[in-house]
Amino acid sequence: MVSLSVVRASNSLISSTFPPGLVALFVGATSGIGEATLKKFAQHTTRPRAYFVGRSQEAADRIVAECRALNPDGLYIFRKADVSLIGTVDEVCEEIKAKEQAINLLFLSCGVPSMDRSKTAEDIHLLAALAYYTRARFIANLLPLIQRAPALRRVVTVAGGGHESELDTTDLPALRVPLDNIRGHLTSLITLGLEGVAQSAPDVSFVHDYPGTVRTKLLDYLPQEMLRNLEFMPIDDCGHRQLYLATSAMFPPVESRDAVIGVPLGDGLEIAVGTSGEVGSGVYSVGADCESASPAVIKLLGSMRERGLVQEVRQHTEGEFHRVTVGEKSSGA
C-alpha cells in the first residue's frame with residue numbers, strides 16, 4: 001500500500017516538478033471525488049487552468065470560490081452539462097479545443113447510481129453511458145490535445161480498477177448482465193477500452209482506479225442500515241490519492257519523449273505494473289491503496305486480450321459513436 005504520507009509528500013512536489021500553467025479537465029466535479037481532486041489540483045499547482053463539468057451551477061460557484069481561495073493565481077472554468085449524452089460531450093470538447101492547444105490531465109469521475117437499466121435519449125444504458133461510453137468519447141475527442149502537452153500527459157478514470165471480471169461479449173452495454181456481476185463487467189469494459197486507446201497513444205498514461213468506499217451521492221441509493229456498517233475513506237484522503245494517481249511517475253506512459261512524466265518516486269517506491277503484467281506498460285488498473293491489480297486480475301485481462309476482446313470492445317465503442325452521431329445502426333454487440 002502506498003501510504004498517505006507518501007502520497008502527500010509526492011503531491012507537495014507537484015509545483016516544483018511541473019511547469020506553471022498545467023491544463024486539466026475534470027468531468028463530474030461539482031461534488032464528491034471529482035470536486036475533492038479538483039481542489040487538490042488547485043492547491044498544489046502553479047497558475048493552473050482547470051476546466052470542470054457538472055450539472056449544478058450553484059455547486060460550481062462555490063467550488064470556484066474555494067479554488068480561488070486555495071490558489072488565487074489559477075483559472076477555474078465551469079461548464080454546466082449533462083455528460084450522459086455523447087452529443088453533449090462533443091459540444092463540450094469543441095469548446096475546450098477552441099480555447100486550448102494542449103491538455104495535461106483528463107480526470108473522469110462522472111456517474112449515477114442507476115440500477116434500473118434505464119437508457120439515455122441516445123439509447124445507451126445510462127449507468128454504462130456515464131461509466132464508460134461518454135468517458136471514452138471525452139478521451140477520443142481530447143487525446144490529440146493530451147498528446148500535444150509538453151509535460152504530464154495522463155488520463156484518470158475513477159470506477160472499479162482492480163475489480164475486473166469476465167466480460168459478457170453478448171451484452172457489452174450491460175443491459176442484461178446480472179446486478180451481482182455488473183461492476184466487474186463494466187470495470188473490464190473500461191480497462192479493455194483504455195487498452196484499445198493506448199495502442200495509438202504510447203506517449204499518454206492511462207489510470208483506471210477504484211477509489212475505495214467514499215461517502216458520495218453515488219451511494220445514496222443504499223439503505224441507511226447498510227451505510228452505517230460501511231467503513232469509508234475520508235473524501236479529503238481520497239482527493240490526495242487521486243491527485244497522486246494523476247501526477248506521480250509511478251504510472252508512466254510507454255514513451256516519455258523526454259518529457260516530465262510525473263513527480264519522481266521516493267525511496268523504496270517502484271514504477272507500477274500495468275495491465276499487461278509488465279512494469280510501466282502505460283495502462284494501469286489500480287486499487288484504493290494506489291497499488292496495481294492483483295496477479296489474478298492481470299491474468300484474466302491477459303486471457304481476454306488473447307481472445308481479441310480489446311479489439312472487440314474498440315469496434316463496439318466506435319460503432320456506438322457512429323450510430324449516435326451518424327444515425328446508422330451499430331455493428332457492435
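Contact means heavy atoms within 4.5 Å. I start my notes with that.

I am reading a predicted model, where local features need pLDDT of at least 70, side-chain atom pairs count only at pLDDT 80 or more, and totals for chains, interfaces and linings use all residues. Residues are numbered from 1 along each chain as its sequence is written, and side-chain values use heavy atoms, with hydrogens and water left out.

**Entry: Thr 134**

I looked up Thr 134 and found it in helix α6, residues 126–147. Helices are DSSP runs (H or I, at least four residues), and strands are too (E, at least two), numbered from the N terminus. Is Thr 134 buried or exposed? Thr 134 is buried, because its relative accessible area is 1% and buried means under 20% (exposed is over 50%, partly exposed in between; 1.4 Å probe, protein chains only). Leaving out residues up to four places away in sequence, I see Thr 134 touch Val 83, Ser 84, Leu 85, Ile 86, Val 89 and Ala 129. A polar atom of the Thr 134 side chain lies 2.9 Å from the backbone oxygen of Val 83.

**Entry: helix α5**

Next I checked α5, residues 86–99. Its 14 residues should span 20 Å at 1.5 Å a residue, and the end C-alpha atoms are 20 Å apart, which agrees. The expected span is 1.5 Å times one less than the number of residues. Which residues of α5 are buried? I list Ile 86, Thr 88, Val 89, Asp 90, Val 92, Cys 93 and Ile 96. Their cover includes β1 (23–27), β2 (49–54), β3 (75–80), α6 and α11 (309–326).

**Entry: Val 273**

Last, I found Val 273 in the loop between α9 (235–247) and β7 (283–286). Val 273 is partly exposed, at 32% relative accessible area.

Definitions and conventions:
A polar contact is a pair of N or O atoms within 3.5 Å; within protein, one must be able to donate a hydrogen and the other to accept it, and residues adjacent in sequence count only if both atoms are side-chain atoms.
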